[in-house]
Amino acid sequence: MKNLRPAIETVLVRLATWALPQFPRPLIILLGQIFGSIAYLVDYRGRTTAKTNLYAAFSDQNITPDQVRRITIASYHTFARTFLDLFWSLRLTRDNIDGLFHDHPEVPQAISIAKQKGAIWVTPHFGNFELISLIMGFRDVPLIVVAQNFKNPSLTTIFTRLRQNSGHRVIPQQGAMLRLMKELKRGGHVALLTDLTIKPNKTAAAIECFGLKTCVTTLHASLSQRLDLPIVAGLCTPFDDGSYHFQFKILHPTDYPTPAAMSQAAWDHFEIHIRQRPECWLWMYKHWRYLPGLEPDPKYPDYANTSRPFRDMLGQVKREK
């Protein structure tokens, strides 16, 4: 059965690639709610992590169990819709996207600034983080997108095709740094997701996230300051009618003393919007894996563990201040 699993996965995903673009928009939204609700019911670990995260993030607001439950279910709906939309997006072209995506007034200026000499485009796992990248290709901003390969190579091929539909290039994480540098030096554009926890190392920083310390990549900020290129912090917020709202903010490298400070500024921008629409963020992920001290801290989720490298990183930050 284990040997059959990759073949079954491939058949099902190929079927989705053919079928979902044929569906009307309202059906995609409905399926997102159905599949999201099913995932909420069967994904015990993810559901537990989401609720733990929400209590920790909103401890200062006395969030209720009912609010936690509703936000968690809606978060599953958001990510089911994001997944379905990636397949449905095969029907999109530069000629039919205007009615589906609505720009905040600052978006055209942000795109214009980014096109002048290239940029680093970043977004968290918020709303439709897949489509915000894809649509930029239809707006003449081809991106290099870093994505993790699947264990099943056939799935990697299919998802690469989906993500390259508008003219992007998808590359694996291995050896990505050098390719990103070359692309940016040529005046190109790269796209990164920046809200995942990574191990404390030279390419990471400890930032404040919902009042708690976490460890995230500084790759986007390091590239920005090293090459004197702007960061475009983007969000793609979903609406109930199936449309999306685009919002971009430009961060200039000269405005921040260090990559860590720039990474914090990018996150602060994202957090404002996550607080407004918490159901749009990936709460099922362990965002706070490291404790800042030696003892358990009731402010942190129960999955957080002590980490000497993380404490050393926090100590270095204090010394620099």
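In which loop is the place of asparagine 62? Asparagine 62 sits in the loop between helix 3 (44-57) and helix 4 (65-88). This is a predicted model, in which local features need pLDDT of at least 70, side-chain atom pairs count only at pLDDT 80 or more, and totals for chains, interfaces and linings use all residues. Residues are numbered from 1 along each chain as its sequence is written, and side-chain values use heavy atoms, with hydrogens and water left out.

**View A. Asparagine 62 in its loop.** Phi of asparagine 62 is near 50 degrees, a positive value in a residue other than glycine. Most residues other than glycine have a negative phi. Asparagine 62 counts as exposed at 63% relative accessibility (exposed is over 50% relative accessible area, buried under 20%, partly exposed in between; 1.4 Å probe, protein chains only). Helices (H or I, at least four residues) and strands (E, at least two) are DSSP runs, numbered from the N terminus.

**View B. The salt bridge between arginine 94 and aspartate 140.** The N to O distance is 3.2 Å; a salt bridge is a side-chain nitrogen of Lys or Arg within 4 Å of a carboxyl oxygen of Asp or Glu. Arginine 94 lies in the loop between helix 4 and strand 1 (101-103) and aspartate 140 in the loop between helix 6 and strand 3, so the pair ties together parts that are 46 residues apart in sequence. Aspartate 140 has a positive phi of about 65 degrees, although it is not a glycine. Arginine 94 is partly exposed, at 43%.

**View C. The salt bridge between arginine 169 and glutamate 183.** The closest N and O atoms are 2.7 Å apart. Because arginine 169 belongs to strand 4 (residues 169-171) and glutamate 183 to helix 8 (residues 176-185), the pair ties together parts 14 residues apart in sequence. Arginine 169 is partly exposed, with a relative accessible area of 37%, whereas glutamate 183 counts as buried at 9%.

**View D. The salt bridge between arginine 70 and aspartate 66.** Their closest N and O atoms are 3.0 Å apart. Both residues lie in helix 4, 4 residues apart, about one turn of the helix. Arginine 70 is partly exposed at 47% relative accessibility, and aspartate 66 is partly exposed at 43%.

**View E. A network of salt bridges.** Arg25, Arg81 and Asp85 are linked in this network. The structure holds 13 salt bridges.
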